[in-house]
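Dear colleague,

Please find the structure below, handed over together with its sequence. After it I set out what was found, and I would be glad if you read the notes with the model open beside them.

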Amino acid sequence: MKQFTPTEYELLNVATGNHLKDEGWTLADSSSPVPSLVRTVYSKSRLDVKGDDWGFYRFADWLPIHRLLKDSATTVTYRSEKIARELGLEHLYISFSGYWPEKGAFMRTCSFKETEAYSVCGRIPLDNRKILVVASAGNTARAFAKVCSDNDIPLLLCIPEDNIDALYFERPLNECVKIVSSPRGSDYFDAITLSQIAGESDMFMDEGGAKNVARRDGMGTTVLSAVTVTGRIPDAYFQAVGSGTGGIAAWEASMRLAGDGRFGNNKMRLFLMQNHPFTPMYDAWRAQKRELFPVNDDNARVHAGSIVAKVLSNRKPPYSIAGGVFDALSDTCGSMESVTNDEASVYLGMFERLEGVDIHPAAAVALAGLHKAVQKGEVGTKDIIMLNITGGGEKLFKSENKVYYAKPSAVIPLTEDRDTIIRKIENLFR
């Protein structure tokens, strides 16, 4: 294991400017008069990128972690030629998080959610005795399950049963990982509700989602990867979003890079895409509303079930909160776009045909959004553009490896009373 000294940091309340200490798993400023994300402020203002043999932890200087975990991999950024030529762009950089050995990409869950998992699990206090709880629509669950299984970290995963096929691995999971599902016909928000109920027990601790600075700073390493290749902060950043946490993370990473002083000080414009018809943030942003429009739960489930990029289906994203998606888009003069299933399918094929590897539907949504922005003249042909391909190489990985599919330890309807749900989940770990 590498010699590692954690970077000192404070937490900043985005709304008030209040600085506070991280008490080990601080997710919010309890004294804040308004809801607000907290943000890390590192003692090291200049980024020292470590060697490739550090894997994901080559960016450890700007991660709020206590330890390094084994078997990590990092995002790989390269300059595109074929898609750049197809779109008429001179400086398109693709940050690929997935499995593509030819490019040096070895994320075996084929998703950039590994950047969250290795960071969040590295932040867990060394004296912690509680069980981590994570809710997911698929990719996040796969990433956390792998990282926790490989590193003997107890984990409770909550995932809709309709998404259980997303849980494939190169070997069976360690017994320290338990999976509970909300029943068929439920969605990501129902899985979140299950996780919140579990969190009422003293046995468990909530991972925190977007509120967890380790999750956001882990995702922000995609931008750090890009800058190691471009040498400067990109002019524009493209990503498909469900919660928008990746967009917030990119914004925060770009501000840290501006503070470093070696990569320029330009504002990196955020271009974020949602998959139609599940477009709560797109709808609010286009109306320039800070608050999301009210949505009927049943309609939301129908819309979430109809999109090809299932991972983009968060009904309660951190959009309105101080430091959230609305603020990130506003500060960067950003934009949101809507992409249909048919459009995503076209760009799935385009990427594989031109670049040579398969990608996930959410990444195809991002590529479609980039093409729309080019057609509208929202980016220039000479702009330095970062396209965050958040998952890919799954078909390649499965062709090269035997895979095992995990099954839920329990399927729990939310119609059961909370005490019964808690008891069933606690019994999984006894």
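**Helix packing, aromatic pairs and backbone**

Helix α6 passes helix α7 in a right-handed crossing, that is, one in which the near helix is turned clockwise from the far one by less than a right angle. This is a predicted model, in which local features need pLDDT of at least 70 and side-chain atom pairs count only at pLDDT 80 or more, whereas totals for chains, interfaces and linings use all residues. Residues are numbered from 1 along each chain as its sequence is written, and side-chain values use heavy atoms, with hydrogens and water left out.

Where they meet, Val223, Leu224 and Val227 of α6 are in contact with Ala250, Ala253 and Leu257 of α7 (heavy atoms within 4.5 Å).

Rings of Phe, Tyr and Trp (its six-membered ring) are paired if their centres lie within 6.5 Å, with planes under 30 degrees apart counted as stacked, over 60 as edge-to-face and the rest as tilted; by this rule there are 12 aromatic pairs. One of them joins Tyr78 and Trp100, whose ring centres are 5.7 Å apart and whose planes stand at 85 degrees, so the pair is edge-to-face. Because Tyr78 lies in strand β4 (residues 76–79) and Trp100 in strand β6 (residues 99–100), this pair ties together parts that are 22 residues apart in sequence. Tyr78 and Trp100 are both buried (under 20% relative accessible area, with exposed over 50% and partly exposed in between, for a 1.4 Å probe and protein chains only).

As for the backbone, a cis peptide bond with omega of about 15 degrees joins His276 and Pro277, and Pro277 is placed in the loop between β14 (269–275) and α8 (280–286). Asp71, although not a glycine, has a positive phi of about 70 degrees, and is partly exposed at a relative accessible area of 48%.

Technical notes: Helices (H or I, at least four residues) and strands (E, at least two) are DSSP runs, numbered from the N terminus.
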